Amino acid sequence: MPRFARALLALLSLSLLAPLATAQKFEDKRFGYELRLPKEWSQIPIKANEEYIIAKFLAKKTYFYTDPDLKITYEHKPELQVIAFLSEKYREDSVDAEEVKNEDGETVKIRFNLTNPYKDYEDFLKNTYSGGGFYIAEENESKAGNLKVTEYLVKVEKGANGPRRIVTWVFHTEDIDFAVQAECFESSWKELRSDITRTMKSFEEIERTEGSIVQDASTSGIVEIELGELTPEERMKRRQAREREAHQRAQAGLPEDWEVIEEDLFLVLNHADDKDADKLVEQGEAVFRWCEKTFPYLIDDTDYLRKPILRICKDWDELASFAFGGRESGWVPSIDMVTYKDTVGIGSWTYSNMTQRFCAWWLNEHDGDFLDAMPYWMRYGLEYNMLYAKHKGKKLELYPSDWEKVGLRQEIKDGVAATPKEIFLATEEFYDGENSRYAAAALMRYLLVGKGSKDKLTKNLVREYYLNMTAVIEEMDKEEGGESYKEPETEEEEAAMIKERSERLRQREKELMEAVFERTFAEWTDKEWDRFAKYYFKSIG
Amino acid sequence: MLRNSVIPTLALSLLAAAPAAAQAQGEDMLLLKDGRIFLDVELVTTPEGEVTVQFENGEVHVPGHLIQEALDLDAPPPAPKNAEEEAKIAEGLLMYQGKWVSASKRDKMFRDEIEDRREELVSIQDSQLWRNRSFEKTKHFEFEYTVPPHVFEIYRDQLEAYFKVFAKDWKVKPPKDNPRLKICMYVTESDFLQIGGVPKGVLGYFRFVDPMELNFFYDRRDPVFTTEVLFHEANHYMQKLIDLEFKMPHFPGEAIAEYYGGAHWDVDKKKLTVGLVLPSRLVEVKTDIATGKYWGLEELVSADEVYQHYTWGWTLAHFLMKSKKHEKNFKKFVMALAEDKKVRRESVSIGAIPLKMVRGSEVWEAFRRFMKIETDEAVKELEKEWHDYIDNELKVEGVRAKEAAGVRAVKGYPRQMIRGKRLLSEAVEEGSTSPIVYQTLGEIFYDDRDYAKAAELFEKAVSFDPLEPGYTFWHGMALKRLGQSEEGQQRIELAKEMGINDPSLRWLLELEDELDD
């Protein structure tokens, strides 16, 4: 869809919906309750597979607390959550495990519905709260109209970023206990007390007129275990189905002031500006195109690249509140990629992190095994190149890191820089130092887009290495599968087995590296290695 | 901070101070020495002082040595000891609190006393909630605690004695403007984790910047280990007293804390012995040796922060502190890290609090200087002396050592089931009275399908701690496997009644389903 049309649609969407900021009353016709929220508190989305938290709100104002001893200042936006505990009769309706059979009556899949074990608010708090050490300081019974209410005061003290207070009123209705929980700094309570108390007192039951209060078992909390091999067509269909489910879940319960934009390669859920969404989508598209061009051998006709969900929160606080403790990190992302409005733009940590996730996503979608088994030089090489990659129009361009421009050049001058051969044979310890990862990035860039990608000696090197690695891993797995394991019968045998196991782990990595190296570079001469090193170092400058 | 590298299992989960789901059966009360309180139970007490707790699903005989106090409303008066007492009883009088009174008066006074005591026990039970915690100040500490008073007193006294020993040994004292360290003691592990704000696996911690405080929990099933943890963390505080602006490096900090953690407090003689062998640590070291790994002196001392400072570091501290030749130099080395002008220190800030620290490489330089091993040959010589000490002097001996080492071998990583089984079996043969030992060994036999042996061991575990529902449950499981279905089921139902519905024990109920397989 052209950008101007999308912008228009977004404008229309915003004008038709009443944002929470000007209407303090919040109604939930699905669960059947309403609340009056303090002014300028905004609703934030719930995770798609959340079973207990049914609403979340965040204050606009940020509060600060300075530790008197450490003199560290913490900031926090007060937050309110509504948590629902359904009565036993609803929990009994959930399917615990379901066998899915094929036409021949054979079980091909088992679906487990993940039922949440929290039986009440105290159980939930004990098992989910991670903001610091806490205890229930007060617990009182009261009434709100005809409803019995349990009022809690929870104090968060040890190990917290500033002492906090959690005030929760649990409204006991006929078939649901609603816990309305507010959290703020202890030092901010004086200012917030009347607003929060008013919100608590405003709770009322209303008629349930929309949807079921029990989550559809097919869309949430499901773990599926596939038994046996799927055909490529079955795999594609499964991926398409999972994409649909994930997209549906992500949009269900999205607050009204969020924008939904269906792009060619992304589903964007935007709570920031249009420009923020555009920048990220363009970067993502450029990464995917680059990956297609660079790794064509990973693409199979029956592959299906699922559209990730690009969820852009309006600020860090909103992201933290959504994600329960922070943004996603780690090499392999989930389909729901959460980030926030980045005021720095291209080159910021957030931006770089998203670029890494786009690349990892594409690789995982096409060959997850390859991603798992990547040697360190390839993995860090790609990861650290993505940190500095920028799109220019539709094209992704890779750039050297600051360290490379200064540090690596100096190492080359001093004659201590790791050669390509050393990088190929390096094990995990080599990459403990971050500079080594940048060295791997320099080598990868040389091989993929630099002069190495055109040099007869090295232009197909990454592909050959990948193919050889896949073959060696398969062979090693077969060998290990064939090994018989004998239970030790004496202490001496037990000790020997432990020793052998710990040595084997260390050995396996080394053997894999050496075997792939041997296969890939069997025909190489010293002269060729020298030439490779020379041109590689020259490309660094 | 002490972490447990043992994989959490049943042993760590069964720490309920009182059964969560035990149903009210009567009006009697039972207070155990390990701090558990049972209110509204039905007791049967004999004149000889034997106590049985009546449940719907069976009776539980509680050995006298476990009991702090048993309050049975229907308890018969004590049997007369002589003819004079027999005569008084014949007149309708009964002895009560040193006086002969009428039977009706005695009954009233007794009931009043029970009511007062009930209030006290209810209060003790209420004070197990952190918001109702108790407070007490001693000469060097300010305690906040939720364990019962008679349990607290033991740890209070031994901590003061411990402080005295270390302070004299290392010539330290608390600052005048802050003479007491805050100590938070929790009645259960789960309370400690939740209120202390630390993840599972942490056994205790000392906050080394203002406001300083120490947090740990009472493991009623292993009070000796509770003391080890307390002493370890308290030792970090005492090391801090060497210089409040200095952060003791991981080595020797953790090594010394472990050394002093291996202490024993004689409750009756009120005597503290330090520097004992820590069997659980020794097992880890011996396991490393079995895999072919001996940590070198330089490798260990120069490392900035490695787990082996707790294990190999402890052996090194033990070796040096027990040696007349080396003890003085080692102490000089430790003090020098904070005070000596030649040691290179770096600045580090925790928030706005400036501290000095020493990097591992510099720790090694100082170690060489003060231990007088400045040549490579001297280093090798000391290293050999240390390794020989581990091989020849540090042994897993004695029941307690075998208990700890056996449990560690079975539940630690990597698991050494054969070794663990042997050590636990030896502990049993040598008269262990630890129910954990019998339970753990019983589970091994159960997994090996030797249900007869398993049942025997579980029964023993029950005899040592009959009110621990997990042991009774396992006993029931083993009996059912042996075909004794009725008795086995009765044991399982009894366990559930005692409190196996406690969330930390819920997983055990899933094992019941396995009996149908």
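Trainee: Which strand order does the open sheet of three strands in chain A have?
Mentor: This is a predicted model, where local features need pLDDT of at least 70, side-chain atom pairs count only at pLDDT 80 or more, and totals for chains, interfaces and linings use all residues; side-chain values use heavy atoms, without hydrogens and water. Residues are numbered from 1 along each chain as its sequence is written, while chains are lettered from A and ligands numbered from 1 in the order in which they are written. Strands (E, at least two residues) and helices (H or I, at least four) are DSSP runs, numbered from the N terminus, and two strands pair if DSSP finds at least two bridges between them. The pairing is antiparallel, and the order is β1-β2-β14.

Trainee: Which strands of chain A stand at the edges?
Mentor: Each edge strand has a single partner, so one side of it is left without a neighbour in the sheet. The two are β1 (25-28) and β14 (204-205).

Trainee: Which residue stands opposite D28(A)?
Mentor: Four bridges join β1(A) to β2(A) (residues 33-36), and the two run antiparallel. The residue of β2(A) opposite D28(A) is Y33(A).

Trainee: How far apart are the end C-alpha atoms of helix α4 of chain B?
Mentor: The expected span is 1.5 Å times one less than the number of residues. For the 22 residues 149-170 that should give 32 Å, and the model agrees, because the end atoms are apart by 31 Å.

Trainee: What is the phi of K71(A)?
Mentor: Most residues other than glycine have a negative phi. K71(A) sits in the loop between β5 (63-66) and β6 (73-76) of chain A. Its phi is positive, near 60 degrees.

Trainee: Where does P211(B) lie?
Mentor: The peptide bond from D210(B) to P211(B) is cis, with omega near -10 degrees. P211(B) lies in the loop between β12 (202-207) and β13 (213-217) of chain B.

Trainee: Which helix is the place of P252(B)?
Mentor: The bond from F251(B) to P252(B) is cis, with omega near 10 degrees. P252(B) is in helix α7 (residues 250-261) of chain B.

Trainee: Which three residues supply 29% of the area that chain A buries against chain B?
Mentor: Buried area is the accessible area (1.4 Å probe) that two parts lose on being put together, summed over both. Chains A and B bury about 2,200 Å² between them, 55% of it on carbon and sulfur atoms. More than any other three residues, the suppliers of that 29% are L70(A), K158(A) and E491(A).

Trainee: How far apart are the closest N and O atoms of R419(B) and E491(A)?
Mentor: A salt bridge is a side-chain nitrogen of Lys or Arg within 4 Å of a carboxyl oxygen of Asp or Glu. Three are counted between chain A and chain B. R419(B) forms one with E491(A), at 3.9 Å.
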